[in-house]
Amino acid sequence: MDKRTFLKQMALIGVGSTPLFKQLDQIVSAVAHRTPDEVATDEAFWAEVRAGYRLKPDYINLENGYYCMAPQETLEHFIHHVREMNYQASYYMRTVQWSNKKRIHEKLAKMVGASAEEIVVTRNTTESLDTVIAGYPWKEGDEALMANQDYGAMLNMFRQVGERHGVKINRIDVPMDPKTDEEVVAAYEKALTPNTRLLMICHLINITGHVLPVRKICDMAHAKGVEVMVDGAHAIAHLQFTLPELGCDYYGSSLHKWLSTPVGAGLLYVKKEHIPKIWPMFAEWGKEPDDILRLNHTGTHPCHTDLAIGNAIEYFYRLGPARKEARLRYLQRYWSDQVRDLPHIRLNTPRDPQRSCAIANVGIKGMEPSEMARRLLHDYGIWTVAINNAGVKGCRITPNVFTTTEELDTFVAALKDMAT
């Protein structure tokens, strides 16, 4: 075995042969014959999954949507990669850095059903989508369309290109509780003009958990000659989908949310035909115009995070995408169905169960979100985040696979107590 092959293997093998990493496979094999919906309600199974995480006992964590801790299995792999990076140092960086990164791109691409030539690893959704917004070939008089419920970082970047290039920025309000997909599509369609060049939409609206009908919106926009960029910060390893199914032109996501990679990992997808027209955020020379790597020149970066993405993907598939999504849907409906129609409680997430997954937003009438979040933490030991913008007033609630129904019972009791 030559040194280069040895170094590749040392960097990628990790510590997967230890008993800790065999445990998940044993747990899953015991339920492999059952449907995802059956397993979703099996508290004993999910308690065993929970045991694979190191959770802070000081509070109930219902704010996993910002950054979710990795299971101990992924964390130990990551620590191993950090040690290897430190051990090999510049030798690794100058020999196998890029071939290993290429393998991670291929794994990610396979996961989302795209070509590895259309995928790069970034630090987060903001970096991914801002690369497209800032690098788009804008001309004075062009227009861009988005929603008031979209993420602030991207709205700010659009505002910057508006001021810099004379682009008109138009916004709509996404219907909070639509009865049909067509209601959502129509809200965007009415705001398009002959000058609209780019439409930004969320896959899941981060403040409410509303899952938008992405394919229908893309088809409508494309029929009018408008390209679509999707903010998928919360979608990867949360919902089951492929990028070809969505039909979008650009897609960005944060992998340290629902895929539970180490913090600082994201994904950018650019449809192959669009790559040449996007200007890089940081200059890159010597690559072909249709090489997506020209959009990803960020200098020396933490390669150990890239390698841990591969481990997180492996964990996700061993746990089971369908099994995970079913559990996340169950957890959200478990608590939200108990309080949705109570007096003084306001659910800011669509009633239709197909229009949301793990994320939901709940408010208490007459109480500011900041006060609600403060009381939940200090009076009941429940960690959440206050949301008070774009017409949404409440706390965002994001359980994960390690969340128990007992913890959600505590949350429901707290809501009822606070709302009296």
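Hi everyone, let's start at Glu-371, which is partly exposed at 29% relative accessibility; on this scale, buried means under 20% relative accessible area, exposed over 50%, and partly exposed in between, with a 1.4 Å probe and protein chains only. What we have here is a predicted model, where local features need pLDDT of at least 70, side-chain atom pairs count only at pLDDT 80 or more, and totals for chains, interfaces and linings use all residues. Residues are numbered from 1 along each chain as its sequence is written, and side-chain values use heavy atoms, with hydrogens and water left out.

Back to Glu-371: what does this residue pair with? Glu-371 forms a salt bridge with Arg-374, and their closest N and O atoms are 2.9 Å apart. By salt bridge I mean a side-chain nitrogen of Lys or Arg within 4 Å of a carboxyl oxygen of Asp or Glu. The two residues sit three apart in helix α15 (residues 369–380), so about one helical turn separates them. Helices here are DSSP runs of H or I, at least four residues long, strands are runs of E, at least two, and both are numbered from the N terminus. Arg-374 is partly exposed too, at 39%.

There is also a network to look at: salt bridges with shared partners join Asp-181, Glu-182, Lys-216, Asp-352 and Arg-355.

How many salt bridges does a search of the whole structure find? The search gives 27. Glu-73 is buried at 7%, while Arg-318 is partly exposed at 23%.

Another one to click on is Asp-142 with Arg-197, at 3.0 Å from N to O. Asp-142 is buried, with a relative accessible area of 11%, and Arg-197 is partly exposed at 23%.

Last topic, the cysteines. Taking a disulfide as a pair of cysteine sulfur atoms within 2.5 Å, the count is zero. For Cys-357, the nearest cysteine sulfur is that of Cys-68, 14 Å away. Cys-395 is in no disulfide either, and its nearest cysteine sulfur, again that of Cys-68, is 18 Å away. Are these two cysteines buried or exposed? Cys-357 is buried at 1%, and Cys-395 is buried at 0%. Thanks, everyone!
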